[in-house]
Amino acid sequence: MARVLVVEDDVQTAAEIAAALGDSGFDVDCAHTGREGLLKAGADTYEAIVLDRMLPGGVDGLAVLSTLRTVGVEAPVLILSALSAVDERVRGLRAGGDDYLTKPFEFLELTARIEVLVRRQAIPQRETMLRAGDLEIDLLTREVRRAGRLVELLPREYHLLEYLARQPNQVVTRTMLFEEVWGYHYEERTNVIDVHIGKLRRKLDEGGFPTLIHTVRNSGYVLRAAE
Amino acid sequence: MSSVRLSDLRRTTSFRLALMFLALFGTASLTLFGFLYWQTAGYLKSGTDEWLAREVTSLVAASPSQLIAHLQEHAAHDPEANRPFALFDAAGNKVAGNMAKLPTPSLPLDRPFEFKLNRGDELLPFRGLARRLPSGDIVIVSQNVHQMHEFRELLVGAMAWGGLLVLIMGLAGAAMIGAGSVRRIDEVACAIERIVKGNLAERLPTRGTAGDLDRLVDAVNGMLDDIERLMHEVKGVSDAVAHDLRTPLTRLLAGLERAGRRAASVDEYAAAVDEAIGETKAVLSTFGAMLRISEVEDGARRVGFKSLDLAAIAADVTEFYQPLAEVKDVSFSLKDESGGSAKIAGDPSLLFEAIGNLVDNAIKFTPSEGRVTVRVFCQDENPGVMVTDTGPGIPAEEREAVLRRFYRAERSRHTSGSGLGLSLVAAVARLHGLNLFIDDAKPGCSVILRREGASTWRTLAAAVT
């Protein structure tokens, strides 16, 4: 079971985050000050760390992060912040953060992102072929086949599918897709991504195949092959 | 003037400035007068000295008998003895001339000297030159310099009186100017007090003279205009927030209460929770949009600006919204007329969001089989983006209003959206030094984001404040 450390000063928020991550199958530890977070992260091994950007008591989130990176703690860190400005985000990522989430956030968004961070470490990056059921994606030639049949995709559709296929059976939110596939950072509130997914889904399922990309209500999408 | 106290006067800048100028002017005139005096006195003295030297030389050159004849002739011509000449022997006894005795016992030779002689009942100043002859006799020539001294005294007196006059006039002038500025400052201070007490419509008084204080007052009045506008906006926003947030919150509460009262099965509870989540998301989304606008408007994001190609962002936006247009059966295209020269310093995500907002609106309001076009251009090195649709357009009288937060044009009442889109676009545009125009495309509407030549930096500066 993957272990996650939550460093968050607000006890109730920390408990909620722990509960949400616990429901997703993580083993969660909590720390309520920067100092406590540093001690726990240094003493134990975690697969991911959720770190509040603003912590009381002198040692703030970014200081914790840079200290962790200096002493060689490599666990992926997701920064939680009430500051949404672009340069805040850049500062967080530069200090060694792997992802950045602005408060208020949805817990589904948080757990989806943590799962991606944890999974990213587990999968070797040298993979040249992704498979999910009868779907095959050749990462070198960028060819996609469904049950052996070549599926013609636009570059952006390929990018979407590749990202989904890299996290099979895992919920990916619209915001994550938008950030990853289009490369812009803001909370996209339209249904345009749904339309893109719809098109991709139709192309993949053409010929009466069971659907691969499932919509998860209130949160996003998951690529799951029928057993 | 009665309201002006002396202590106030002394503290005013203009009074101090006037005094400073008075001191400066006084010093300058004193120096000038001193120089004039020195030059004039020197000129008079050197004229006399030259004459004395000339006379004594011609007397010394003559033979003794000629000298005596000459002196007697001179005395005959000068009965007043204004220019007494005389010859004394080595013992100091007078030989000839119209000077009774040696002026001083120890006579300086060959250089001009001053001495006094009795003339009637007064002692008058003379300037003389003495030279010893080979025989040991001494020749003295001299001149009455009483007039010269009087002239010098007159000069000094005139200077002193003139200086006094200037001082008095200068002080009076400084006091007048100072009193004027005290009154002026008092007026402004009173006006400010009234504004602080809550009368935001009050403005500082100006005199229309375009003087420095007027310029300051104009700037402050401009700031007050802005503050008043912002206060109104804030009030408008709070009203709108009250409406836009209260509605979903009320629905949320009602739904939860209903579930608590009536729900019997897990499914019913689950449905109520789902509904509550949906409402909460709507609240968060409106809230987030408001926060974003203020964040964009405070201008701090400009720190992260980098050089971008507007055409590339417009292409990304077009690609992103293409499927939406297809679903709505709207023909949607990008025209890049910039030739790669639409460079701008900016934040890619904000520009994408802004252009995306315009495109989203355009597609939303364009009926099927309509057309939406994104045009990127660059005129005179000023880049811009134009989004044109064939929808119903925005009536001229509503064009300003749609930029306000939460404003929803009549036509959009039935469509979804927070009413924050265009005000976000306007904020992003301001941040990037772009101006936002809404135009009639006949039929439909054009929204243009464009940089305006020389005013760019002013717009940027205005966006900062």
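**Hairpin and interface in a predicted model**

User: How many bridges join β11 to β12 of chain A?
Analyst: This is a predicted model: local features need pLDDT of at least 70, side-chain atom pairs count only at pLDDT 80 or more, and totals for chains, interfaces and linings use all residues. Residues are numbered from 1 along each chain as its sequence is written, with chains lettered from A and ligands numbered from 1 in the order in which they are written. Strands (E, at least two residues) and helices (H or I, at least four) are DSSP runs numbered from the N terminus, and two strands pair if DSSP finds at least two bridges between them. β11 (213–216) and β12 (220–223) of chain A run antiparallel, and the bridges joining them number 4.

User: Which residue in the turn of this hairpin has a positive phi?
Analyst: β11(A) and β12(A) form a hairpin with 3 residues between them. Across the pair, A:His214 has A:Val222 as its bridge partner. The turn residue with a phi of about 65° is A:Asn218.

User: Which element gives the most to the side of chain A that touches chain B?
Analyst: Contact means C-beta atoms, placed from the backbone, within 7 Å. By that rule, 19 residues of chain A meet 22 residues of chain B. Elements giving two or more residues to chain A's side are α4 (86–94) and α8 (192–205). The most, 4 residues, comes from α8(A).

User: What share of the contacts in chain B with a separation of 6 or more is between residues 24 or more positions apart?
Analyst: Chain B has 10 helices and 12 strands. Among its contacts with a separation of 6 or more, residues 24 or more positions apart account for 62%.

How values were computed:
Two residues are in contact if their C-beta atoms, placed from the backbone, lie within 7 Å.
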